[in-house]
Amino acid sequence: MNGIRYKIVDKVMDVPLQNPSYPGFFMGAYKTAMASWVAEHALIYRPSIETLGDAPLVRINSACFTGDIFGDRRCDCTEQMFSALDLIGESAGLLIYHFHHEGRGLGFTSKLETYKKMDAEGVSTFCAMREVSNRNDLRTYASSMVILEDLGITRLRLMTNNPLKKQVLEENGFEVVETVPIVSKRKELKSYLKSKCAEQGHLIDFGEESSGDAAEASLWKRMA
Ligand SMILES: [Zn+2]
């Protein structure tokens, strides 16, 4: 990989996940560092790193405390994570969860400031983010790449709607053999997802008008 200065300073792998919804899954942890900046990353995978095979399914997943922990429904992050885990459960694969990607890397405080502005002014997420922080995305995928490289994964099927992730991986020597979309069907998210397409170039096929109620029920069953 060109110019990536992150290094791995610690890792723990192969801790069984005790969750009956995800039998056979394992958890792992990586700690990466760049100069004095140290970050932790969570992994969840099945059936094992050694048996993922050529070009496994991979999800590079940004943390979303508001959605993943508190069940806030402004965004589709949590549904994307569950969809990715479902796909991994059907075959095999790996999800890397980046804690420090909260609020697109801007942090939890900026995220809540953004939400206050959205609620008060009715503006889009990205418009509010720019007003709060002048930026709308500070995430990089360098840590993901050093982790993938350490795991011996150089070819992958990437679960994402975001062409930038594919581009960054390919620019750094990874071969993305397929992009697997993961799209929320919750009706109230449609304008948010459209702003993702307009503002961040996401590729989302809205397809048939959704079974929004089913998607809602599925999400809340997981959050229960
Ligand atoms: Zn989110």
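## Around helix H5

Just past the end of H5, Gly152 adopts a positive phi of about 80°. Keep in mind that this is a predicted model.

H5 itself covers residues 142-150, and its buried residues are Ser143, Ser144, Met145, Val146, Ile147 and Leu148.

## How H3 meets H4

Now for a helix pair. In general, two packed helices are described by the angle between their axes and the distance between the axes. For H3 (residues 108-121) and H4 (residues 125-133), the angle is about 120° and the axes sit 9 Å apart. Angles of 65 to 115 degrees count as roughly perpendicular and those over 145 as roughly antiparallel, so H3 ends up oblique to H4. The crossing of H3 past H4 is right-handed.

Which residues do the touching? On the H3 side you'll find Ser110, Glu113, Thr114, Lys117 and Met118; on the H4 side, Thr125, Ala128, Met129, Glu131, Val132 and Ser133.

## The whole chain

Zooming out, the protein chain carries 8 helices and 7 strands. It runs to 224 residues, of which 33% count as buried.

What about contacts along the sequence? Taking those in the protein chain with a separation of 6 or more, 59% link residues 24 or more positions apart.

Conventions:
Residues numbered from 1 in each chain as written. Predicted model: local features only at pLDDT ≥ 70, side-chain atom pairs only at ≥ 80, totals over all residues. Buried ≥ 20, exposed ≤ 12 C-beta atoms within 10 Å, placed from the backbone. Helix = DSSP H or I, 4+ residues; strand = E, 2+ residues; numbered from the N terminus. Contact = placed C-beta atoms within 7 Å. Axes fitted to C-alpha atoms, helices over the stretch in contact; angles between N-to-C directions. Parallel < 35°, antiparallel > 145°, perpendicular 65-115°, else oblique. Left-handed = near helix turned anticlockwise from the far one by under 90°.
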